[in-house]
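Dear colleague,

Please find below the structure that I am handing over to you, followed by an account of what was found in it.

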Amino acid sequence: MHRFAHTTILLVAAATAMALPATASAAPVLVVAEHGQRLRSEPVPVRASRLPIPSPAARPSIAPRVTESRVDAVRRAVSAAAARDRIDATDKRKYLGNYSAALRAYRSLGGQRRSELGYVIGVAQSLARSGRLEPSRMPIVFLTLHRNTEWWRKAGPPPSGRRIQFGGSRVIFQYFPGRGLQFHPLGNFGLLNGYWYDKKDQNLRSLADDLVSIAAVRAGFTTWEYYFAFGGGSPPWISGMAQGTAMQALSRAGVRLGDSRLLAVARRARGAFARRTPVGVRVPTGSGAWYALYSFDPHMNVLNGQLQAVNGLRTYAEHANDARAQQLFETGDRLARSVIRSFDTGAWSLYSRPFGRSGGEADLNYHTLNRDFARNLCKGTKSEAYCDEADRFTRYLKEDPEFEPYRAVPSPARAGRGMRVKFHLSKIAKVAFSVREGGKTYYSTSATLARGAHFFRWVPPRFKSEHTYTFRLSARDLAGNGNTVDGEARVKP
């Protein structure tokens with residue numbers, strides 16, 4: 001039976017998506033079994049995972065509405081493609097069958113299950129009404145409809161971020177609450193990289209073939225699009241990080257399996273890096289090109305996205321001996337080398353620099369990604385810019401947060417009037433603050449704070465004599481490193 005054929009839902013193994021590591025790691029997924037038979041459950045190597053965080057300034061996404069009418073845009077798009085011989089009669093029957101089954105299931109469901117399936121149906125209808133349900137997009141759009149129909153007819157919402165495989169196919173669908181089960185290009189090509197690293201050639205072949213079969217054509221180049229709204233972007237959109245990882249993984253698989261067809265598919269994907277956003281991912285600058293993490297947000301400037309896009313291009317260019325891809329790599333590499341230091345705070349790394357301005361610090365996952373991708377480029381290019389930052393980012397994972405300078409103001413303070421304990425935190429950390437005198441604690445609180453200047457405010461109790469209190473600041477950073485400092489606060493009556 002074809003790997004995308006009908007399946008029956010059975011529980012096998014489950015885990016939420018894990019962050020992308022530098023080397024292969026095992027993360028089980030939920031497997032939906034075929035014909036009611038339980039499939040073998042085994043750890044799946046996951047090399048790229050959760051969708052990077054959206055821009056803080058992103059617009060709220062509006063869920064598409066499901067409409068039912070005699071003149072249905074989806075059916076009309078499928079019939080028109082068949083009439084022009086863009087799809088064959090078998091595909092026409094399959095697509096229309098998947099769509100009709102989804103609508104029947106939608107009518108029979110209620111609550112959140114109806115809403116989740118309705119979102120996926122609404123996306124297909126929206127693409128069709130706008131003329132974007134093109135023949136090359138139909139395989140993944142109708143496969144997504146089919147998988148969601150299978151799931152929501154029989155089961156409720158899985159945990160957010162849960163990754164699911166169906167039947168004999170190794171293609172991953174990921175649950176995004178309110179958006180149903182969605183094809184996640186970065187996660188799938190990360191998985192393909194994992195099979196390559198682990199030398200699981202049978203799985204490598206199977207997943208590579210499936211991913212090639214659901215590729216779309218966008219402005220003349222091959223890509224794997226995201227078909228759900230995210231961070232202010234509407235479907236279909238693409239990611240430079242996912243595109244680079246796709247070219248990297250397919251070229252590796254093509255060489256390993258001796259399959260020039262996979263290298264050819266990777267070659268057709270390079271056009272994304274030549275076309276400007278929002279069609280492609282290229283953002284030209286005076287120093288080179290930034291390859292956007294999100295095609296709809298060209299100025300977010302996420303470090304891990306740029307580094308992996310560049311590294312994916314480099315790997316593909318080496319495997320394919322592709323001069324044009326080498327040029328695209330060099331253009332992105334030149335910019336990445338020139339800006340990577342600007343993402344270094346001296347104690348941690350930044351997640352992004354929107355519009356070239358300092359953004360928020362990376363969480364532990366993304367800081368580790370910044371280190372790992374810089375390390376990969378250090379090995380591949382021998383560039384000091386990458387090697388130095390890889391070393392610095394590694395050192396920051398072991399260094400304690402610092403409070404210097406810190407002090408109580410005013411000093412002395414007045415009883416019954418507010419005083420502040422000011423400090424400068426070197427890196428993002430959870431900070432606890434307490435005030436004591438003798439064995440008594442007068443005040444205690446905590447908060448997670450970014451690097452920079454902060455203060456805690458405290459109002460000393462009223463006394464008729466002068467008192468000296470001891471305050472304590474304790475911090476624990478995202479990697480678990482800790483530091484504590486003590487000081488004194490004089491308070492006059």
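An open sheet of five strands shows mixed pairing, in the order S12-S18-S17-S14-S15. Its edge strands, each pairing on one side only, are strand S12 (413-414) and strand S15 (440-449). Strands here are DSSP runs of E with at least two residues, helices are runs of H or I with at least four residues, and both are numbered from the N terminus. Two strands count as paired if DSSP finds at least two bridges between them. Strand S14 (residues 429-437) and S15 run antiparallel and are joined by nine bridges; Ser-434 stands opposite Ser-444 in S15.

The model is a predicted one, in which local features need pLDDT of at least 70 and side-chain atom pairs count only at pLDDT 80 or more, whereas totals for chains, interfaces and linings use all residues. Residues are numbered from 1 along each chain as its sequence is written, and side-chain values use heavy atoms, with hydrogens and water left out.

Overall composition

The chain contains 12 helices and 18 strands. Of its 493 residues, 54% count as buried, where buried means under 20% relative accessible area, exposed means over 50%, and partly exposed lies in between (1.4 Å probe, protein chains only). Among contacts (heavy atoms within 4.5 Å) between residues at least 6 apart in sequence, 66% join residues at least 24 apart.

Strand S4 and its partners

Strand S4 (residues 163-166) directs Arg-163 and Gln-165 one way and Ile-164 and Phe-166 the other way, and all are buried. S4 pairs in the parallel sense with strand S2 (residues 30-32) over three bridges, and Ile-164 is the bridge partner of Leu-30. With strand S5 (residues 173-176), S4 runs antiparallel, joined by two bridges; here Arg-163 stands opposite Gln-174. S4 and S5 form a hairpin with six residues between them, and Gly-167 in the turn has a positive phi of about 55°.

Nonpolar cores

A nonpolar core is a set of buried Ala, Val, Leu, Ile, Met, Phe, Trp, Tyr and Cys residues joined through side-chain atoms within 4.5 Å. The largest has 123 residues, and Trp-224 and Leu-250 are those with the most contacts inside it. Leaving aside neighbours within four places in sequence, the contacts of Trp-224 include Phe-183, Pro-185, Phe-189, Leu-211, Ile-238, Gln-243, Leu-250 and Val-265. Another core, of 22 residues, lies apart from the largest one; among its residues are Ala-408, Met-419, Phe-423 and Leu-425.

Aromatic rings

The structure holds 26 aromatic pairs. Rings of Phe, Tyr and Trp (its six-membered ring) pair if their centres lie within 6.5 Å; planes under 30 degrees apart count as stacked, over 60 as edge-to-face and the rest as tilted. Tyr-226 and Trp-237 are stacked, because their ring centres are 4.3 Å apart and their planes at 10°. Both residues lie in the loop between strand S8 (221-223) and helix H7 (240-257), so the pair ties together parts that are 11 residues apart in sequence. Tyr-226 is buried, with a relative accessible area of 1%, and Trp-237 is likewise buried, with a relative accessible area of 1%. Ring pairs also link Tyr-226 and Trp-237 with Phe-176, Phe-228, Phe-230, Tyr-294 and Phe-296 into a cluster.

Charges over rings also occur (NZ of Lys or CZ of Arg within 6 Å of the ring centre and within 35 degrees of the ring normal). Arg-252 lies over the face of Trp-196, at 4.4 Å from the ring centre. The charged end of Arg-420 sits over the ring of Phe-455, 4.0 Å from its centre.

Disulfide

A search of the whole structure finds one disulfide (a pair of cysteine sulfur atoms within 2.5 Å). The disulfide joins Cys-378 to Cys-387, with S to S 2.0 Å, and the link is right-handed, with 95° about the S-S bond. Cys-378 is buried, with a relative accessible area of 18%, and Cys-387 also counts as buried, at 18% relative accessibility.

A loop residue

Tyr-351 is placed in the loop between helix H10 (323-339) and helix H11 (364-381). Tyr-351 is buried, with a relative accessible area of 4%. Tyr-351 and Ala-362 are 11 residues apart in sequence and 4.1 Å apart in space, C-alpha to C-alpha.

Yours sincerely
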